Amino acid sequence: MTNPERVLLVGFMASGKSSVGMELASLLGWRFYDFDRVVEARIGETVATIFRTRGEEYFREVESDVAAELLTETSAVLATGGGWPAQPGSWDRVPGATMSVWLRVSAGVAVQRASREGPLRPLLEGEGGEDRADALLRVRENSYARARKSLDSERYDPQALARMIVEFMDLERDSATKK
């Protein structure tokens with residue numbers, strides 16, 4: 001990869017993609033886009049409502065369209081939804097000049113964080129939410145692992161994670177100029 005033109009943050013729900021993304025965009029002077037917020041703005045409904053009334057398949061179609069558009073942006077930090085990286089063909093759309101980073105989180109911590117954020121996420125509604133989260137995280141981990149870098153989002157706060165990503169980007173730039 002040459003000079004990164006965008007940063008793509010992937011990870012499970014409540015891994016910190018949005019908070020790290022906003023912090024990183026601020027540090028870089030770049031724009032920040034959250035796939036879920038763009039989908040909500042486009043449809044005029046929350047993700048939870050879309051899942052409940054229109055279904056996951058509809059949501060994934062809109063999310064795929066949003067991703068295709070946002071992945072053309074430069075000088076942008078992109079926070080995917082938790083399920084986007086596991087969708088067929090999603091990684092094939094990621095341009096080469098993209099610094100992709102997996103923000104790792106355990107299912108237990110993700111559920112705790114998500115519970116504090118307000119209305120329950122579709123995945124957590126009803127009984128057995130933590131068990132479903134754990135099973136889903138295990139299914140998605142191989143997709144998240146396709147990211148170029150990974151960071152432990154339980155160990156570091158959003159500001160520290162954003163600074164680490166800037167360091168990754170600086171290293172990529174340095175190695176590209178030495179070639």
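The model is predicted, so local features were required to have pLDDT of at least 70 and side-chain atom pairs were counted only at pLDDT 80 or more, whereas totals for chains, interfaces and linings use all residues. Residues are numbered from 1 along each chain as its sequence is written, and side-chain values use heavy atoms, with hydrogens and water left out.

Strand S1 covers residues 6-10, where strands (E, at least two residues) and helices (H or I, at least four) are DSSP runs numbered from the N terminus. Four bridges join S1 to S3 (residues 76-79) in a parallel arrangement, and five bridges join S1 to S4 (residues 98-104), also parallel. Two strands are taken to pair if DSSP finds at least two bridges between them. Strand S2 is joined to S3 by four bridges and runs parallel to S3; here Arg 31 stands opposite Ala 76.

Buried denotes under 20% relative accessible area, exposed over 50% and partly exposed in between, with a 1.4 Å probe and protein chains only. S1 is accordingly described as mostly covered, with five of its five residues buried.

A search of the whole structure returned four aromatic pairs. Rings of Phe, Tyr and Trp (its six-membered ring) pair if their centres lie within 6.5 Å; planes under 30 degrees apart count as stacked, over 60 as edge-to-face and the rest as tilted. Phe 35 and Trp 84 form an edge-to-face pair, at 5.6 Å centre to centre and 80 degrees between the planes. This pair links distant parts of the chain, with Phe 35 in helix H2 (residues 35-43) and Trp 84 in the loop between S3 and S4, 49 residues apart. The rings of Trp 84 and Trp 91 have centres 6.3 Å apart and planes at 50 degrees, so this pair is tilted. Phe 35, Trp 84 and Trp 91 form one aromatic cluster. Phe 35 is buried; Trp 84 counts as buried because its relative accessibility is 2%, and Trp 91 because its value is 10%.

Helix H1 (residues 17-28) has twelve residues and reaches 16 Å from its first C-alpha to its last, close to the 16 Å expected at 1.5 Å a residue; the expected span is 1.5 Å times one less than the number of residues. Its buried residues are Lys 17, Val 20, Gly 21, Leu 24 and Ala 25. These cover an arc of only 130 degrees around the axis and therefore lie on the same side of H1, the arc being that of the directions from the helix axis to the C-beta atoms. H1 is followed by Gly 29, whose phi is positive, near 75 degrees.
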